[in-house]
Amino acid sequence: MIKTEPIIAVKSVEKSSKFYQNLLGCLSKHGGSVFEILTDKYGEQILSLHKWGEHEHPTFKDPKNAGNGLILYFVVNDLKPIWENAKKLNARIESEPRLNPNSGRMEFSIRDLDNYYVSVCSKKTD
């Protein structure tokens with residue numbers, strides 16, 4: 001089995017953690033001001049947050065290029081409550097829910113607090 005567990009660099013780990021918890025309903029499993037692990041309700045890691053400039057990671061040094069070449073793509077069982085959460089968070093909306101003709105799934109896209117491009121897609125193809 002191969003599974004990806006992305007780590008993104010952020011300005012404020014605490015604020016970004018709350019953003020993703022409120023958007024996706026995920027849970028904090030680490031907490032703190034430097035590093036955070038977010039999981040689904042089953043304990044599966046879905047995203048980690050790392051403070052810019054900490055621990056000398058070479059790709060976490062320059063926030064001017066945050067997210068260049070990256071889409072955070074989340075597949076969820078029910079798109080509607082996540083869309084409602086995005087609106088409540090006043091997230092910058094890139095595209096409203098629509099059918100993606102390539103995947104055959106409903107999806108929408110927003111920007112997070114650090115300007116990462118976030119796409120949320122329904123699991124169902126019908």
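Let's start at His-50, which, neighbours within four places in sequence aside, is in contact with Ile-7, Ile-8, Ala-9, Val-10, Val-13, Val-34, Phe-35, His-55, His-57 and Phe-60. Keep in mind that this is a predicted model. The relative accessibility of His-50 comes to 3%, so the residue counts as buried, the cut-off being under 20%.

Where does His-50 lie? It belongs to strand E4, so let's zoom out to the sheet around it. Four strands make up an open sheet, and reading across you get E1-E4-E3-E2, with mixed pairing. At the edges sit strand E1 (7-10) and strand E2 (27-28), each of which pairs on one side only. Helix H1, residues 13-24, packs on this sheet and touches E1, E2, E3 and strand E4 (45-51). The direction of H1 makes about 160° with that of E4.

E2 pairs with strand E3 (residues 35-39) in the antiparallel sense, over two bridges. Look for Ser-28 here: its bridge partner in E3 is Leu-38.

Now follow H1 to another helix. The axes of H1 and helix H2 (residues 79-88) come within 7 Å of each other and cross at roughly 140°. The two helices are therefore oblique to each other, since roughly antiparallel would take an angle over 145 degrees. Which residues make the contact? On H1 they are Asn-22, Leu-23 and Leu-24, and on H2 they are Ile-82, Asn-85 and Ala-86. Sorted by class, that gives four nonpolar residues, two polar ones and no charged ones.

Technical notes
Residues numbered from 1 in each chain as written. Predicted model: local features only at pLDDT ≥ 70, side-chain atom pairs only at ≥ 80, totals over all residues. Heavy atoms only, no water. Pairing = 2+ DSSP bridges. Contact = heavy atoms within 4.5 Å. Axes fitted to C-alpha atoms, helices over the stretch in contact; angles between N-to-C directions. Buried < 20%, exposed > 50% of the residue type's maximum accessible area, 1.4 Å probe, protein only. Parallel < 35°, antiparallel > 145°, perpendicular 65-115°, else oblique. Nonpolar A, V, L, I, M, F, W, Y, C, P; charged D, E, K, R; others polar.
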